[in-house]
Amino acid sequence: MTRRAGRSVGSGSSGSSVRAVLRRPYRRVVVGSPLQLLLFVCSFALAGYAGVRLLADGWFGVALWFVGAALVHDLVLLPLYALADRALLRGFGAVGRRAWVQYVRVPAALSVLLLLMWFPLISGRVAGRYEAVAGLPGDGFLARWLLITAVLFGGSAALLVWRAGWAERSTGLRSATNERPPDVH
Amino acid sequence: MPELKLPVHPGSPTSPRFWRSPVRGPWFTSVLGVVLLGGITVLFVTGLVSYAAYNPNLSPVNDLTPDKGLLGFYLHLFTWPTDPPWLYRLTQGVHVTLGIVLVPVLLAKLWSVVPKLFALPPARSLAHALERISLLLLVGGVLFEFTTGLLNIQLDYVFPGSFYPLHFYGAWVFFAGFVAHVLLRAPVALRNLRDMRNGRTEEGELVAPEPFEPTVSRRGALGFVGGGSLLLFVTTAGRSFDAPLRETAVLAPHGGPEPGGGPSGFQINKTAASRGISAAETSEAAWRLVVEGPGGQTVRLSRADLLQLPLHSAALPIACVEGWSTSDQWWRGVRLRDLAGLVGYEDGAAPDVLVESLQRHGAFRRAALRDNQVRDGRSLLALFVNGEPLTPDHGYPARVIVPAAPGVLNTKWVARMTFGGDL
């Protein structure tokens with residue numbers, strides 16, 4: 001499928017593409033591969049069989065969660081972190097340190113990922129239930145998340161300093177080597 | 001193809017030029033796809049295994065999905081075994097820990113293909129239209145499964161219904177989309193990887209036509225995803241072990257320090273207080289175990305009576321559906337098959353049993369065990385753990401412990417056991 005598409009983009013002249021576009025409205029609906037159609041019919045049959053059971057107990061809430069999960073991810077979460085990343089990149093670009101973006105991007109992304117995944121525990125919204133049910137302290141998660149975040153950023157900064165120092169030393173070394181007269185053998 | 005010629009504004013996400021990351025391309029997507037193919041297959045299989053471990057066909061009290069129909073097709077193919085005793089600990093530990101570890105891979109995979117979501121025209125053919133609907137099952141399904149799973153292990157029951165049917169039926173809806181996607185795309189992904197190993201350059205619809213200057217290589221980006229998974233692994237996997245390893249699971253539920261010290265300082269699923277178990281009803285004077293046979297023969301035993309029966313020991317773990325587990329604890333008590341003997345069953349002929357707790361609410365206050373579990377010599381009605389009498393939180397006066405069974409089938413605060421008959 002992909003291969004065929006790739007080849008036709010590469011080989012088809014723009015004239016034939018235009019003709020294809022012009023011809024398009026007059027053509028019948030394109031069906032596609034019958035094998036693929038069969039596959040989707042089977043897939044939807046299984047999804048339907050499980051789906052009526054999934055939706056049996058309060059269909060609206062479940063459908064909202066199922067479709068909402070995809071929509072919130074694709075239309076809210078992903079654009080948000082993509083925009084944050086672009087802003088970060090622009091910020092570092094503006095001060096002429098574009099290469100440093102990694103040292104903020106990586107710890108920030110990991111920290112946000114942990115927060116997102118363990119939000120019920122970190123936010124403390126289940127602390128009472130967790131303590132009552134599991135007999136374990138439910139209030140330490142925020143502190144531990146902050147600590148991990150600090151370690152991530154601290155480690156990243158240390159790495160940056162170390163690499164910057166190393167780069168400086170090696171350029172220093174190189175210039176020193178260049179200044180030294182070549183060895184005579 | 002003609003659709004590339006349709007006029008689209010470059011500032012719109014429907015334009016390929018909108019997407020600028022130099023990391024996107026068939027190699028990145030294919031590697032992540034192959035990792036998810038393996039990982040999600042393991043998640044699905046271990047999930048079905050966990051479902052079978054509850055013995056849902058044995059009794060309605062074990063079955064939270066009575067309408068499963070054909071989706072339980074495999075349940076009659078085997079009997080959930082008692083060997084190895086760490087079986088459920090392993091399969092469910094893998095299920096939950098792997099699920100957590102795959103989150104960065106999943107997010108990266110979804111990010112890598114997001115331009116396709118906006119691609120125009122919405123459908124090139126009927127088959128393509130169906131594929132896009134199928135992708136809703138796939139993406140909605142995978143996010144639904146990961147979200148309900150992550151919320152459930154954190155005891156945050158905000159999802160719309162009971163966890164078991166949602167996660168089980170949701171898995172099958174997802175699987176329907178997953179199989180179609182794998183059959184269509186896995187050959188493409190594998191071919192991409194092979195072609196690129198042979199030196200072909202990146203091309204195709206995922207590659208940004210006007211990329212930003214790279215800040216990271218594709219390999220670097222993949223390393224970042226792997227690093228995220230590694231971080232989650234080292235901060236999660238410890239919850240399948242005892243202290244000191246458990247301390248490494250700093251953010252995961254049931255990670256960190258053990259609850260209290262001493263012989264009973266191991267993980268508790270539900271405390272006595274949270275289930276409304278009072279000291280008055282478990283006292284020596286008040287508590288009696290009722291053992292019942294199918295013909296109505298009934299034996300009532302105090303804890304002192306039970307101590308007069310032959311006591312046996314077994315080293316067995318506790319493994320929860322939430323993915324945490326303990327290592328072997330040393331349990332001591334009366335064998336379940338000996339209790340069956342009290343109501344007339346000869347050794348080796350012990351039947352299924354329905355175990356009821358003092359607990360008044362909660363899905364598994366009653367649980368059924370299959371005859372193979374009852375007959376196993378390590379299956380106990382435990383009175384002691386690690387050399388001390390059970391604590392209230394571990395089920396005093398008596399609790400069930402069965403090798404390889406999910407934690408909730410190891411009923412605590414047992415009040416009644418009915419052998420044989422209709423469960």
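Helix 5 of chain B, residues 163–197, counts 35 residues, yet its end C-alpha atoms are only 44 Å apart. A straight helix at 1.5 Å a residue would reach 51 Å, the expected span being 1.5 Å times one less than the number of residues. This is a predicted model, in which local features need pLDDT of at least 70, side-chain atom pairs count only at pLDDT 80 or more, and totals for chains, interfaces and linings use all residues. Residues are numbered from 1 along each chain as its sequence is written, while chains are lettered from A and ligands numbered from 1 in written order.

**Helix 5 of chain B**
- Helices (H or I, at least four residues) and strands (E, at least two) are DSSP runs numbered from the N terminus.
- At Arg185(B) helix 5 bends by about 40°, and Pro187(B) follows within four residues; the bend is the angle between axes fitted to the seven residues ending there and the seven starting there.
- Gly199(B), just after this helix, has a positive phi of about 95°.

**The sheet in chain B**
- Five strands form an open sheet with mixed pairing, in the order 2-1-10-5-6; strands pair if DSSP finds at least two bridges between them.
- Strand 2 (298–301) and strand 6 (366–369) are at the edges with a single partner strand each, so one side of each lacks a neighbour in the sheet.
- Strand 5 (residues 353–357) runs antiparallel to strand 6, joined by 4 bridges.
- Val353(B) sits opposite Leu369(B) of strand 6.

**Domains of chain A**
- An automatic or database assignment divides chain A into domain 1 (21–96) and domain 2 (98–178).
- Their C-alpha centres lie 32 Å apart.
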